[in-house]
Amino acid sequence: MFHLRTCATKLRPLTASQTVKTFSQNRPAAARTFQQIRCYSAPVAAEPFLSGTSSNYVEEMYCAWLENPKSVHKSWDIFFRNTNAGAPPGTAYQSPLPLSRGSLAAVAHAQSLVEAQPNVDKLVEDHLAVQSLIRAYQIRGHHVAQLDPLGILDADLDSSVPADIISSTDKLGFYGLDESDLDKLYDCNWVVVNCSTPGNFFHVLRRQILLPFRKPLIIFTPKSLLRHPEARSSFDEMLPGTHFQRVIPEDGPAAQNPENVKRLLFCTGKVYYDLTRERKARDMVGQVAITRIEQLSPFPFDLLLKEVQKYPNAELAWCQEEHKNQGYYDYVKPRLRTTISRAKPVWYAGRDPAAAPATGNKKTHLTELQRLLDTAFDLDVFKNLS
């Protein structure tokens with residue numbers, strides 16, 4: 001309605017005397033030239049003016065009315081006639097006050113047309129109500145509209161969550177939670193994870209339900225892991241006493257002799273399986289450790305610090321299959337540097353920056369993947385850069 005009122009205040013090209021001539025003639029007194037003649041079909045001509053909410057639509061209807069007043073709906077005809085007669089903004093659908101003696105005949109005729117439309121007032125009221133609701137959404141959103149899609153305000157969380165889950169340390173441990181986890185999850189805006197195992201995926205969904213509060217859970221796990229032969233978990237990982245792992249540390253030979261580890265690779269998601277396969281092919285299981293970050297937000301500073309301290313002689317590198325400007329690198333690097341108090345650099349092993357998310361060519365894709373793996377497992381590649 002705001003657009004209609006604004007448009008109505010601007011659509012005054014005709015004077016009152018010219019409006020009187022318009023009633024007696026089929027065309028306006030002033031000669032007007034248009035680029036093309038607009039011919040509207042019956043459904044368009046039958047549409048009331050209150051259905052038009054865009055200024056371009058109103059302008060087109062006005063041009064059509066100037067060419068032929070009968071080509072538009074009668075409500076549009078009344079609206080434009082009253083506007084040209086000098087009706088104040090917002091009252092063009094009513095009888096305007098006479099502006100001059102010459103316009104009395106036009107005003108009287110317009111008033112008779114308005115009285116012949118008994119539903120105009122009701123249309124205006126309905127339209128204003130809809131516009132007010134839309135405006136409430138735009139300005140104040142859910143607070144004014146009082147919407148609660150999830151029913152959180154009316155939910156009885158105490159009945160679905162054990163009453164002592166927050167106060168009892170034993171209960172928190174049973175559900176795989178501790179007080180620090182609750183604090184971190186409660187203070188963040190949302191939880192972002194990229195699970196690499198079915199067991200961890202199961203536990204993060206379970207934890208989301210058991211939390212005594214609600215935060216959005218974003219899961220970046222790709223669907224390709226559904227059929228990946230190495231992405232599997234034992235049922236033992238889902239029995240009572242197991243829980244979601246924010247970080248999955250190295251559990252192979254490298255973890256048995258951490259002093260011999262030359263490089264510690266951090267990654268998340270599906271690329272882990274490419275790294276382990278390449279590490280096994282190069283026979284570097286004792287020299288390179290791989291740590292998976294399963295929960296990206298809130299960032300697991302405490303667990304990653306333990307991993308870095310566990311391998312004192314290892315270089316740190318972040319691996320991702322995405323391009324450098326499209327993956328997690330810009331998010332993870334400063335947080336890793338903060339974790340270790342900037343004691344070591346955090347190198348990057350991955351694809352170069354690119355505008356497109358994929359090459360579109362399988363050969364190029366495999367070439368980029370092999371370059372990623374070569375960088376990750378070449379222990380001399382970063383020596384000249386430090």
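Mentor: Gladly. Let's start with pairing: two strands pair if DSSP finds at least two bridges between them. Keep in mind that this is a predicted model.

Trainee: What makes β1 and β2 a pair?

Mentor: Strand β1, residues 191-193, and β2 share three bridges in the parallel sense. The requirement is at least two bridges, so the pair qualifies. Within it, Val 192 stands opposite Ile 218 of β2.

Trainee: Which helix packs on the sheet there?

Mentor: That is α12, residues 198-210, which touches β1, β2 and β6. The direction of α12 makes about 165° with that of β2. Angles here run from 0 to 180 degrees between N-to-C directions.

Trainee: And what makes β2 and β6 edge strands?

Mentor: The sheet is open, with three strands in the order β2-β1-β6 and mixed pairing. Strands β2 (217-219) and β6 (295-297) each pair on one side only, which is what puts them at the edges. On average, neighbouring strands of this sheet are turned by 25° against each other, direction ignored.

Trainee: Let's move to a loop. Why is His 228 called buried?

Mentor: Buried means under 20% relative accessible area. His 228 has 19% relative accessibility, so it counts as buried. This residue lies in the loop between β2 and β3 (247-248).

Trainee: What does the side chain of His 228 reach?

Mentor: It reaches the backbone nitrogen of Glu 230 at 3.1 Å. The cut-off for a polar contact is 3.5 Å, so that distance falls within it.

Trainee: Now a helix. How do you know that the span of α17 agrees with its number of residues?

Mentor: Helix α17 has 16 residues, 362-377, and at 1.5 Å a residue it should span 22 Å. The expected span takes one less than the number of residues. The end C-alpha atoms are 23 Å apart, so the two values agree.

Trainee: What caps the N-terminal end of α17?

Mentor: Asn 361 does: one of its side-chain oxygens lies 3.0 Å from the backbone nitrogen of Lys 363.

Trainee: Which residues of α17 are buried, and what covers them?

Mentor: The buried ones are Glu 368, Leu 369, Leu 372, Leu 373, Thr 375, Ala 376 and Phe 377. Their cover includes β4 (263-267), α14 (271-281), β5 (288-293), β7 (315-323) and β8 (346-351).

Trainee: And how much of the protein chain is buried?

Mentor: Of its 386 residues, 40% count as buried. The secondary structure of the chain comes to 17 helices and eight strands.

Note on methods
Residues are numbered from 1 along each chain as its sequence is written. This is a predicted model: local features need pLDDT of at least 70, side-chain atom pairs count only at pLDDT 80 or more; totals for chains, interfaces and linings use all residues. Side-chain values use heavy atoms; hydrogens and water are left out. Helices (H or I, at least four residues) and strands (E, at least two) are DSSP runs, numbered from the N terminus. Buried means under 20% relative accessible area, exposed over 50%, partly exposed in between (1.4 Å probe, protein chains only). Contact means heavy atoms within 4.5 Å. A polar contact is a pair of N or O atoms within 3.5 Å; within protein, one must be able to donate a hydrogen and the other to accept it, and residues adjacent in sequence count only if both atoms are side-chain atoms.
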